[in-house]
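Trainee: I would like to work through the side chains of this protein with you. May we take the surface and the charged pairs in turn?

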Amino acid sequence: PRKSLMVSLDEESLADELRDASQSEFNRQRIRMRYLFEDPNSSTQAYMLAVVILILIIMSSVTFCLETVHYIQNSESAMDAISFLDKVFIGIFTAEYVLRLFASENPVHFSLDFQNIVDLTAILPWYIEQILAASGGQSGNVDLRFLRLARVFRVAKLSRYGNRMQM
């Protein structure tokens with residue numbers, strides 16, 4: 001139902017890349033994955049994936065805000081639920097980042113792209129917190145609260161999907 005000139009051009013580009021006889025099946029799968037993650041207008045599946053990621057970003061941002069509510073902070077069960085959800089979000093965002101890196105044409109260029117730096121900055125603080133906590137908490141008198149502030153970058157991930165989707 002949702003057809004536009006852009007979608008047909010993207011499908012044509014994908015078909016051209018996949019027809020290249022020099023491409024191995026492995027590379028063809030990487031190309032399909034790249035279109036799936038990087039161009040929401042390339043297929044219905046890519047569009048749906050972008051919508052799901054967009055919803056997860058919003059949910060992650062809401063749980064981040066809820067974590068600051070005094071009533072919720074005093075509820076162990078609410079904080080456990082938020083902690084669980086945060087782990088799920090981090091797992092999904094990490095998998096998305098790693099798959100996009102794997103599917104990229106040039107991993108160095110991918111890593112230096114501003115949007116991808118934002119995406120990495122959105123997930124890295126969680127891993128740093130886990131490493132520091134496993135090594136005895138606040139090593140070297142480092143206050144971990146500043147790392148949690150970097151999670152605000154998850155909201156910046158919205159721009160990746162909002163700008164590329166044609167509603």
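Trainee: Is Ile58 buried or exposed, or partly exposed, and what is its relative accessible area?

Mentor: This is a predicted model, in which local features need pLDDT of at least 70, side-chain atom pairs count only at pLDDT 80 or more, and totals for chains, interfaces and linings use all residues. Residues are numbered from 1 along each chain as its sequence is written, and side-chain values use heavy atoms, with hydrogens and water left out. Buried means under 20% relative accessible area, exposed over 50%, and partly exposed in between (1.4 Å probe, protein chains only). Ile58 is partly exposed, its relative accessible area being 43%.

Trainee: Which side chain meets Arg28 in a salt bridge?

Mentor: A salt bridge is a side-chain nitrogen of Lys or Arg within 4 Å of a carboxyl oxygen of Asp or Glu. At 3.8 Å, N to O, the partner of Arg28 is Glu25.

Trainee: Which other salt bridge does Glu25 form, and with which residue?

Mentor: Glu25 is partly exposed, with a relative accessible area of 45%. Its side chain also meets, at 3.8 Å (N to O), that of Arg32.

Trainee: What is the relative accessibility of Arg100, which meets Asp119 in a salt bridge?

Mentor: The side chains of Arg100 and Asp119 meet at 3.1 Å, N to O. This pair links distant parts of the chain, helix H5 (residues 76-103) and helix H7 (residues 114-134), 19 residues apart. Asp119 is buried, at 2%. Arg100 also counts as buried, with a relative accessibility of 2%.

Methods. Helices (H or I, at least four residues) and strands (E, at least two) are DSSP runs, numbered from the N terminus.
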